[in-house]
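Trainee: I would like to learn how to read helix packing and pockets from a model. Please take me through one case.

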Amino acid sequence: MSWSQRIKREAVLLDAQLRDSRHTQPWDRALKAIPPGAENAGREPEVRRIVARWHGTVLTVLGLRGPSVHFRHALCLACGQRTVYGRADDDRPRAWCVNDGCEDGDTGEPARYEGRRLYLLTANRTA
């Protein structure tokens, strides 16, 4: 299955799940229904991360952004797991934790590292 078909399929399934329905609708209608569905289901942060991942996939496949890299020697400062990925763009280097159970004390969402906070990861390396 191609990346675009996978995203369309995931959107259709997510929409049905948010509506708590066994019935699906066409992918274009499902995409439009996801934001209000997430709001009604109280799952906005989770759905925002899913849609951001789809967006990142599209940008990477189209060559508009380089792929992310697993920082296998860095532990997440919030959850302590080796689940940190990052991208070293010239204009904005950043990293993030992909562990769904991770909660940053400031935001309640998985940790993100930018600016000065990004460099804290280098002091938190494991062998």
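Trainee: What pattern does the protein chain follow, read along the sequence?

Mentor: This is a predicted model. Along the sequence, the protein chain runs α-α-α-β-β-β-β-α. That pattern comprises four helices and four strands. Taken along the principal axes, the C-alpha atoms fill a box of roughly 50 × 35 × 25 Å.

Trainee: How are two packed helices described?

Mentor: By the angle between their axes and the distance between the axes. Take α1, residues 3–19, and α2, residues 27–41: their axes are 8 Å apart and the packing angle is about 40°. Angles under 35 degrees count as roughly parallel. Helices α1 and α2 are therefore oblique to each other.

Trainee: Is the crossing of α1 and α2 left-handed or right-handed?

Mentor: The crossing of α1 and α2 is left-handed. On the α1 side, the contact is made by K8, A11, V12, L14, D15 and L18. On the α2 side, W27, A30, L31, A33, I34, G37, A38 and A41 make the contact. By class, this contact of α1 with α2 has 11 nonpolar residues, one polar and two charged.

Trainee: At what angle do the axes of α2 and α3 cross?

Mentor: Roughly 155°, and the axes of α2 and α3 (residues 44–61) come within 8 Å. Angles over 145 degrees count as roughly antiparallel. So α2 and α3 are roughly antiparallel to each other. Here too the handedness can be stated: α2 passes α3 in a left-handed crossing.

Trainee: Which residues of α2 and α3 meet?

Mentor: From α2 they are L31, I34, A38 and E39, and from α3 they are E44, V47 and W54. The classes in the contact of α2 with α3 are five nonpolar, no polar and two charged residues.

Trainee: How far apart are the axes of α1 and α3?

Mentor: The axes of α1 and α3 are 11 Å apart, and the two helices pack at an angle of about 170°. In α1, the contact residues are W3, R6, I7, E10, A11, L14 and L18. In α3, they are V47, I50, R53, W54, T57, V58 and V61. By class, the contact of α1 with α3 divides into 10 nonpolar, one polar and three charged residues.

Trainee: Now the pocket. What volume does the largest pocket have?

Mentor: The largest pocket has a volume of about 850 Å³.

Trainee: Which elements give two or more residues to the lining of the largest pocket?

Mentor: They are α3, β2 (84–87) and β3 (94–97). Helix α3 provides the largest share of the lining, 11 residues.

Trainee: How many nonpolar, polar and charged residues does the lining of the largest pocket have?

Mentor: The lining of the largest pocket has 10 nonpolar, five polar and 11 charged residues.

Methods:
Residues numbered from 1 in each chain as written. Predicted model: local features only at pLDDT ≥ 70, side-chain atom pairs only at ≥ 80, totals over all residues. Heavy atoms only, no water. Axes fitted to C-alpha atoms, helices over the stretch in contact; angles between N-to-C directions. Parallel < 35°, antiparallel > 145°, perpendicular 65-115°, else oblique. Left-handed = near helix turned anticlockwise from the far one by under 90°. Contact = heavy atoms within 4.5 Å. Nonpolar A, V, L, I, M, F, W, Y, C, P; charged D, E, K, R; others polar. 1 Å grid on protein atoms, 1.4 Å probe; cavity = no way out; pocket = protein on both sides within 12 Å on 5 of 7 lines; lining within 4 Å. Points joined across faces, edges and corners; volume = space filled by probe spheres on them.
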